[in-house]
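Visitor: I would like to learn how to read a model like this one. Where do we begin?

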Amino acid sequence: MTKRFNGQDCGAARCYNPLGMSITFQREKIAGKARAGRLITPHAVIETPVFMPVGTAATVKGVPQDILEDLGAQIILGNTYHLYLRPGVETVRRMGGLHGFMSWRRAILTDSGGFQVFSLSELRKITEEGVTFRSHLDGSSHFFTPESAIEAQIGLGADIIMAFDECTEYPADAARLRASMELTARWAARSKRYFEEHKNEVPWKQYSVPSTQYSVPSTQYSAPATDGGASLLSEDIGSEKSDNRVLSTEYCSTQALFGIVQGGMDRALRKESAERTIEIGFPGYAIGGLSVGEPRELTREIVESTLEYLPKDKPRYLMGVGTPEEIVEYANLGVDMMDCVLPTRAARHGLLFTSEGKVSIKQARYAQDSGPLDPNCGCRVCQRYSRAYLRHLYASNEVLAQVLNTIHNLSFYLDTMQRVRHSISLGEVSRFPSAVWSRPKA
Ligand SMILES: [Zn+2]
């Protein structure tokens, strides 16, 4: 069966991984604790450390997919809770998964829905079996289990999906922390069991995609030097000629299911959670349950100590952090993947991150300011528009204000991470902003 998706195919015709593998992670350079590497997913090769823009409802709010590509977004996040409620997993699955539905050919990661359900503290009830919650849209009642959360994520078809976990609130007492961490460990085992039994049901497996419809992602790759599967990788990544053949998606690799370490702000529990999650066995590990109201120093402390217990040869994903300064700091600690709503959410509120510090564009002081938002930023917004214009758009509540502000903030985050990768590749540790910004752009 041949299927086209709204004029854009999902890109899965080009398999980046050896047969049967979900992802491949290669560390290429180490600087201190920081690592620069490549994460090879079914839809794209991602240079790490990477910042992942959040696209909650199959859209990074305000930014079209082609602009995201221009900004250098290598992987974006989708949100299982939101997509499950609207438009529904089955709708997305029939469109070939999120890649086909939203016409995004690079990588996608979906969360398990656990964090959003956790955020609905008034509207949820947790048992051993799963979580009952009420929709924030219409108040309807739903039940998520580790199995149904993985089923939904297989239907959505992201490259990387997450185990169903309980995000423990802060603060929490010792008994509560332990019970919650143990529940997450049991749910991780159930998540993996369901995934192993159903991983071939991912939407890319349902169709053959004509490769002539496929265009090469703009990020260019050289064939990575690797052992197992090297020839296949070289063939598929290094040569555009391989685009001209029709490759059944049956040859494609599966999704990758990551485990999540919990344990609140208790270092010993974090260690135990890491050990138990590693024992279950995942191709990548996330640190969850942070940025839930704790002081920033504590976040850093827990991240640093938890990283010590995670395997060095697997990708490490720190969920839901942070400011530009913090993402540089976490990359230096050895985190490979990060996401945060901050750049997009702050942009919609007129708060912009620049090389000269934060700018609240709504302020009257910018009303006559003809200069660019950030003189050191090469993004399309800073190259074209003045602070006065951006301030006017915001003050007038124009839709374009949100679009332009979001484009700049995302560009700033993605550029920051690109500079961090550059520093690591030179064997140096980045400091924000001075060392990061003193370097010419790659
Ligand atoms: Zn800019």
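Guide: Helices (H or I, at least four residues) and strands (E, at least two) are DSSP runs, numbered from the N terminus. This is a predicted model. Its chain holds 16 helices and 18 strands.

Visitor: Which elements each supply at least two residues of the lining of the largest pocket?

Guide: Strand S5 (75–78) does, along with helix H2 (80–85), helix H5 (114–119) and helix H12 (342–348).

Visitor: How is a pocket found, and what is the volume of the largest pocket?

Guide: Rolling a probe the size of a water molecule over the atoms shows where empty space is left. Here the largest pocket has a volume of about 860 Å³. Its lining counts 40 residues. Nearest its centre lie Val54, Asn79, Phe115, Gln116 and Val341. By class, 15 lining residues are nonpolar, 17 polar and eight charged.

Visitor: Is Cys379 buried or exposed? And Cys382?

Guide: Buried means under 20% relative accessible area. Cys379 has 4% relative accessibility, so it counts as buried. Cys382 is also buried, because its relative accessible area is 7%. Across the chain, buried residues make up 57% of the 442 residues.

Visitor: What do the buried residues of H14 pack against?

Guide: First, the residues themselves. In helix H14 (residues 387–395), Arg387, Ala388, Leu390 and Leu393 are buried. They pack against strand S18 (357–360), helix H13 (380–384) and helix H15 (399–425). Just after H14, Asn397 takes a positive phi of about 60°.

Visitor: Where is Asn405, and what does it touch?

Guide: Asn405 sits in helix H15. Its relative accessibility is 0%, so Asn405 counts as buried. Leaving out residues up to four places away in sequence, Asn405 touches Ala347, Gly350, Leu352, Ile361, Leu390 and Tyr394. Leu390 is one of the buried residues of H14.

Visitor: What share of the chain's contacts with a separation of 6 or more joins residues 24 or more positions apart?

Guide: Such pairs account for 70% of those contacts.

Conventions:
Residues are numbered from 1 along each chain as its sequence is written. This is a predicted model: local features need pLDDT of at least 70, side-chain atom pairs count only at pLDDT 80 or more; totals for chains, interfaces and linings use all residues. Side-chain values use heavy atoms; hydrogens and water are left out. Buried means under 20% relative accessible area, exposed over 50%, partly exposed in between (1.4 Å probe, protein chains only). On a 1 Å grid over the protein atoms alone, a cavity is a set of points where a 1.4 Å probe fits but cannot get out, and a pocket is an open set with protein on both sides within 12 Å along at least five of seven lines; lining residues have an atom within 4 Å of a point. Grid points are joined across faces, edges and corners, and a volume is the space filled by probe spheres set on the points. Ala, Val, Leu, Ile, Met, Phe, Trp, Tyr, Cys and Pro count as nonpolar, Asp, Glu, Lys and Arg as charged, and the others, Gly among them, as polar. Contact means heavy atoms within 4.5 Å.
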